[in-house]
Amino acid sequence: MSKPVSALMGAAYDGIVRVEECGLQGMITLRGDLASKPVIAAATGATGQEMPGQRRANVAGESGLCWMSPDELLVLVPHAEVSAKLAAMTTALGDAHSLAVNVSDARAMFRVSGEHAREVMAKLAPVDFAPGAFGPGDFRRSRLAQVAGAFWMEEDGSFRIICFRSVADYVFKLLKVAAQPGSAVGVF
Amino acid sequence: MLILHCPYCGVDADETELAAGGEAHLKRFGPGSSDDELHGYLFARENPKGVHLERWRHASGCGKWFHAARCTATLEVFGTYKAQVSGPPQEIRDAISARRPGWSWREFS
């Protein structure tokens, strides 16, 4: 079998923040009634995380649950375990009206870390990143300049960003420009 | 700049996150309807100066369709509400009446 590689092979950039591509990440889209027992069992069973509230992400390392919409979760699992986790989830879902699909290879993931991470994000997305409005565990689906993107804040104040793999190069270049040395605004 | 509250994900979404979906509460006329009804369904649209009910989609967000009641003259937003209704709910009508007494839009007032 061919060896899977991530979109940008772990490319990284150091500016006013550090921008790095996170490499391979298993992702499963789960749609269904988020209040139904089979869906909760499938989601929590695959990740060991609790169900996230509205616009929240419960993520530890490579496993977690992200709230995408009132009927959709993004399930993060280690890339090597996607097939096994998906099979277990499909079993747990049983006859429930739901859908679980492996979307790992359709996506790319970045990390933005450093003192100015909020600023770099605020340059690209129409979201209020003020410390009182967006904190650790908060999750948003929005856009990054001209393409769709989703992101959440981690406990250490860094951001993780998910975008479509087809636009990974565009998003990386966006982040590099937004993180150019000397481009700090100092607004937060 | 228009900011609409998405009733599904609770975000005050910037206009650039949204996609306009045209007029709200259209009644569909399909096979078996008269030519006039089909013509009205396809082509006849309100174009008010004032209170207007519209469909919007939180395209770069949760992806859900919702409704918005706003004023085309001042861009004032009276409220947003979910898509699974065939007319504006009472609290939206009250909110519009508070700002635009005597308003009417198609069969709603």
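1. Two strands are taken to pair if DSSP finds at least two bridges between them. On that basis, strand β3 of chain A, residues 26–32, is joined to β7(A) by five bridges, and the two run antiparallel. Within this pairing, A:R31 has A:L99 as its bridge partner in β7(A). The model under discussion is a predicted one, and the points below should be read with that in mind.

2. The pairing of β3 and β7 belongs to an open sheet of five strands in chain A, whose order is β4-β5-β6-β3-β7, with antiparallel pairing. The edges are formed by β4 (57–60) and β7 (98–102) of chain A, and because each has a single partner strand, one side of each is left without a neighbour in the sheet. From one strand to the next, the twist averages 20°.

3. Two helices of chain A pack on this sheet, and they may be described in turn. Helix α1 of chain A, residues 37–47, touches β3, β5 (63–69), β6 (72–77) and β7 of chain A, and its direction makes about 25° with that of β6(A). Helix α2 of chain A, residues 82–93, touches β3, β6 and β7 of chain A, and its direction makes about 15° with that of β3(A).

4. A:R31, already mentioned for its bridge partner A:L99, also takes part in a salt bridge, in which its side chain meets that of A:E72 at 3.4 Å, N to O. Since A:E72 lies in strand β6 of chain A and A:R31 in strand β3 of chain A, the pair ties together parts that are 41 residues apart in sequence. Over all chains, the structure holds 17 salt bridges.

5. Chain B has an open sheet of four strands, in the order β3-β4-β5-β6 and with antiparallel pairing. Here β3 (19–23) and β6 (77–82) of chain B stand at the edges, and as each has a single partner strand, one side of each is left without a neighbour in the sheet. Neighbouring strands of this sheet are turned against each other by 30° on average, direction ignored.

6. Within the chain B sheet, strand β5, residues 65–71, is joined to β6(B) by five bridges, the two strands running antiparallel, and B:A69 stands opposite B:G79 in β6(B). Helix α2 of chain B, residues 90–99, lies across β4 (51–57), β5 and β6 of chain B, and runs at about 175° to β6(B).

7. Turning to the interface, the contact between the chains takes 14 residues from chain A and eleven residues from chain B. The area buried between them is about 950 Å², of which carbon and sulfur atoms give 46%. Of the area that chain B buries against chain A, 35% is supplied by B:E17, B:S60 and B:K64, more than by any other three residues.

8. As for specific interactions across the interface of chain B and chain A, the rule finds two salt bridges. The side chain of B:K64 meets that of A:D71 in a salt bridge, at 2.8 Å, N to O. Ten residue pairs are in polar contact between chain B and chain A, both residues being at pLDDT 80 or more. By class, the side of chain B that touches chain A has four nonpolar, four polar and three charged residues.

Conventions. Residues are numbered from 1 along each chain as its sequence is written. Chains are lettered from A and ligands numbered from 1 in the order in which they are written. This is a predicted model: local features need pLDDT of at least 70, side-chain atom pairs count only at pLDDT 80 or more; totals for chains, interfaces and linings use all residues. Side-chain values use heavy atoms; hydrogens and water are left out. Contact means heavy atoms within 4.5 Å. Buried area is the accessible area (1.4 Å probe) that two parts lose on being put together, summed over both. A salt bridge is a side-chain nitrogen of Lys or Arg within 4 Å of a carboxyl oxygen of Asp or Glu. A polar contact is a pair of N or O atoms within 3.5 Å; within protein, one must be able to donate a hydrogen and the other to accept it, and residues adjacent in sequence count only if both atoms are side-chain atoms. Ala, Val, Leu, Ile, Met, Phe, Trp, Tyr, Cys and Pro count as nonpolar, Asp, Glu, Lys and Arg as charged, and the others, Gly among them, as polar. Axes are lines fitted to C-alpha atoms, for helices over the stretch in contact, and angles run from 0 to 180 degrees between N-to-C directions.
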